[in-house]
Amino acid sequence: MHQWMFAGWGLTLASMAFPQSPVPNGSDELITRTYDLSGLRSSNPDWPGQARWLPIMNAGLEFKGPETQSFGSQFTSLFGDLYWEELEFEGRMGAEYGEDLWILRGPVELHAAFEGLRAFYAAWVQQRVVLQVDWVSAASPLASWVTPTEADQWLDGQRESAKVRTMQVPVPVDSFACVREQSTTRLITNASVEIAQGTATIDEAVRPVRFGPWGIFQACPQPGGTDVNLSWMDSEEPKIRKQSLDIVALLAEEGKQPGWTPLGGSLDLSDQMARAMTVNGFVPDGKVLVLSVGPAVGTGSMTVLIRRLPSPTPPPSYRSEGTKPFRMLGIQTERFKHRYLASGWDGEFDPAGYDMEAQLLSIDPRSNGSDLVYALTEDANSDLVQEWSQADFAGLRTNGSSDASLSAQEAELDRMNRRFESLLAPAANYSVRVSIQTGDSRPVLVGSLVTQEGMPMSLLSGSEHSEIHEFDVEVAGQASVDDPNVRLTLEGLMAEFRLQRVDGQGLLFESQGFLQVPVSKRTLDFDCRMHGAYETTQYSLISLDRTMILTEVEAGVWSARLGSMGKTNPSVVVEIRTL
């Protein structure tokens, strides 16, 4: 039986040393041992929840994990597949007992092979990339990539005047890691009325409102550095505006004239600032990635610094010298997922007015690179190599049933390895600075981010504003009452960008999103006794949905302006530089 297994690195094998197992069929003395495989566990790579940007008052992680997955059975099936001939010797056996126990009887060399393969397997299943994440409530003057010394000097200068948080985030290579430091308050965000024959009442709608930082991280080593995909958001405690409803119901009793009955009521309308980013970036070895989002309206900035800390590296390959010698080459499919298949926004909403149940997802970390790897191995010579996979790992190994020499099988492994590596050449990286400019005023920097070519990046900088949208009317027998309808609007900038070089033409620039700024406020007064007057905001909305080819303004520099610039109309300026 063939059992597909995890993979290791697709690295050039000719220059590497790798573990070897001894010849398993050497000695005659049989030893019986029981092995506990419960340590062969990894975080479940299935995305168990949502990362929600909007509404800001309910933004954050709907997280159901962490869940773990045991790979004990898969490993023992792999061992049996590779060493079945060794297990057929008289008196030898391998048996599974439950999910995590394995009983093996055989010579000491067979036990050594089992332990060597288990150590190699465990190193890959349990691999972590450890990130240091520094979050600062201040704007950053740093470049997109800086040395650790430069980053630490700036952080030391911010510790007294700004809020600085430092955390270590171990990220499973086949999954993701989440961090959050959110608080919750409760507000009367809306009200509803209930009406029946000759009676009416008003009921408050109390909702928990979240604020504080949270983030999702994915990380995978690549040649020369680490791919880091993240979605990060920080929202402030909402500012409350009390709004009296002054609701009055028109009620009557049987045989009597209707009369006015005050019900009153009030709401906690709110304004909540937030800054957020989704980045598919790259951290070069020995560097720190610097990302910053500033205010499009109001005050407050945030900067996130990311560096990779030292962490164990699994061995790149494995060799056995049994009755049928073999060598295993692994392909870490996450490397292709991070480089080719990351995604951005998911969901739609109307910035001019959305309800509290609307949602916009900021990142979808379920993209999978396995299909791409399988497609790349279709032309591999199956007489020389065999495919294997497990979880988010895939790869090739020499064909233990082949009559060809091991050197010929290894040559085919090396050919396929070079093909994989050619797809993982360092992608072009760009720094993206987003500013807002009105008239002849100096541009105000809203975001300084990094993105890889072909990958999406997005940012949000603004304030979520709640206000009464209108009143509906409820009517029943001998009863009538007005029902308030509260809606949310987003004041500020929300945009997603994607960059791609087009040979001989320039840089393909794709953007979507909007810039919405308040223009004025006015009071709506229906001049009736059933409810009081209320305030509404008028907005100017600029669409950022564009696709264009940019030409260089200087070597390695491009610029795009979205919206028309006038004395009062703002525009969004995007400056792009090659890193």
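Author: Start with the term itself: axes are lines fitted to C-alpha atoms, and angles run from 0 to 180 degrees between N-to-C directions. Two packed helices are described by the angle between their axes and the distance between the axes. Keep in mind that this is a predicted model.

Reader: At what angle do helix α1 and helix α2 pack?

Author: Helix α1 spans residues 72–87, and helix α2 spans residues 108–125. They pack at about 150 degrees, with axes 11 Å apart. Angles over 145 degrees count as roughly antiparallel. So α1 and α2 are roughly antiparallel to each other. The crossing of α1 past α2 is right-handed.

Reader: Which residues make the contact?

Author: From α1, they include Phe75, Leu78 and Leu82. From α2, they include Phe114, Leu117 and Tyr121. By class, the contact has 11 nonpolar, 1 polar and 2 charged residues.

Reader: Now salt bridges. How many are found in the whole structure?

Author: The search finds 13. One of them joins the side chains of Glu115 and Arg33, at 3.5 Å from N to O. Glu115 lies in helix α2 and Arg33 in strand β2, so the pair ties together parts that are 82 residues apart in sequence.

Reader: Is Glu115 buried, partly exposed or exposed?

Author: Partly exposed, with a relative accessible area of 32%. Arg33 also counts as partly exposed, at 31%.

Reader: What about Arg159 and Asp156?

Author: Their side chains meet in a salt bridge at 3.5 Å, N to O. Exposed means over 50% relative accessible area. Asp156 has 52%, so Asp156 is exposed. Arg159, at 42%, is partly exposed.

Reader: Which residues form a network of salt bridges?

Author: Asp134, Asp152 and Arg307 are linked that way.

Methods. Residues are numbered from 1 along each chain as its sequence is written. This is a predicted model: local features need pLDDT of at least 70, side-chain atom pairs count only at pLDDT 80 or more; totals for chains, interfaces and linings use all residues. Side-chain values use heavy atoms; hydrogens and water are left out. Helices (H or I, at least four residues) and strands (E, at least two) are DSSP runs, numbered from the N terminus. Angles under 35 degrees count as roughly parallel, over 145 as roughly antiparallel, 65 to 115 as roughly perpendicular and the rest as oblique. A crossing is left-handed if the near helix is turned anticlockwise from the far one by less than a right angle, and right-handed if clockwise. Contact means heavy atoms within 4.5 Å. Ala, Val, Leu, Ile, Met, Phe, Trp, Tyr, Cys and Pro count as nonpolar, Asp, Glu, Lys and Arg as charged, and the others, Gly among them, as polar. A salt bridge is a side-chain nitrogen of Lys or Arg within 4 Å of a carboxyl oxygen of Asp or Glu. Buried means under 20% relative accessible area, exposed over 50%, partly exposed in between (1.4 Å probe, protein chains only).
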